[in-house]
Amino acid sequence: MDPALPKLLTGERKPRVRALLVGNAKSGKTSLLRRFVGQDFCHEYHPSDGSDALIPPQLMSHESGQVELDLYDTKGEAETDRPGQYGAMRKLMIPFVDAVLLCVPINEKPPRIQQLLSEMKAMRKELECAPPLVIPVATLVDTLEGEERKTAIEELEERVTRLAAAHELTLQQLLVCSAKTNEKIGKVFREVVDLYLEQKRKEQQAVEDNETYADEFVVIEGPTSRDVQTV
């Protein structure tokens, strides 16, 4: 168990959650970060190298107190790039974060996430610690409306879940947002914090339950040869 965990959950130490945004080019990762910290939406597309959205830790309110949220952007592959061309940076970052936000445009059919899922599957096998949460995020939801939007979200969640299962990965529930309209941006990052702290709470509870069981378990020894009398 992480020795800092009890303090993290009891408020003796300010919790910190580290989240990494991954996704292909034009999936809205950088815009998502910029809007979250109150910047204006840029209507012109400018490819990011992953360092364009360097932001300081964000203080988030949680029922247990304030939480520091560290956010990291990454460069995504365009359709003309070699698959996994920028995977080296993701490989360096994933072992050090608590959550990975898998950004997928709602209008991308089919979603081009096989390479990203393959990288995370490989990393899961290499990690010596527990893998980070993987949270799919449907971006660019402002590009569709009404029933078309609802259907696209349902289809995207089904496809992403199926692809993840094929790569032996478990995903959290799909979140939706739009950087352009600022729709549900704050909710996405609040959910990241809530999911991570809830996971840690369950892990700590499991450890405490095991310790309690071990304390209550009594080994009853059988008779030894000295206790047996021959008649």
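Reply:

Six strands make an open sheet, ordered E2-E3-E1-E4-E5-E6, with mixed pairing. Two strands pair if DSSP finds at least two bridges between them. Strands (E, at least two residues) and helices (H or I, at least four) are DSSP runs, numbered from the N terminus. Strand E2 (58–62) and strand E6 (175–176) are the edges, and each pairs on one side only. This is a predicted model: local features need pLDDT of at least 70, side-chain atom pairs count only at pLDDT 80 or more, and totals for chains, interfaces and linings use all residues. Residues are numbered from 1 along each chain as its sequence is written, and side-chain values use heavy atoms, with hydrogens and water left out.

Strand E1 (residues 16–22) runs parallel to strand E3 (residues 65–72), and five bridges join them. Arg-16 stands opposite Glu-68 in E3.

Now the helix. H4 covers residues 114–126. At 1.5 Å a residue, its 13 residues should span 18 Å; the end C-alpha atoms are 19 Å apart, which agrees. The expected span is 1.5 Å times one less than the number of residues.

The buried residues of H4 are Leu-116, Leu-117, Glu-119, Met-120 and Met-123. They cover an arc of only 155° around the axis, so they lie on the same side of H4. The arc is that of the directions from the helix axis to the C-beta atoms. Buried means under 20% relative accessible area, exposed over 50%, partly exposed in between (1.4 Å probe, protein chains only).

What do these residues meet? The buried residues of H4 pack against E1, helix H3 (87–93), strand E4 (99–105), strand E5 (133–139) and helix H5 (146–166). Contact means heavy atoms within 4.5 Å.

Asn-24 sits in the loop between E1 and H2. At 8% relative accessibility, Asn-24 counts as buried. Leaving out residues up to four places away in sequence, Asn-24 touches Lys-29, Gly-76, Glu-77, Glu-108, Arg-112, Ile-113 and Leu-116. Leu-116 is also one of the buried residues of H4.

Two lysines elsewhere sit over rings. Lys-26 lies over the face of Tyr-45, at 5.4 Å from the ring centre. The charged end of Lys-75 is over the ring of Tyr-86, 5.1 Å from its centre. The cut-offs are NZ of Lys or CZ of Arg within 6 Å of the ring centre and within 35 degrees of the ring normal.
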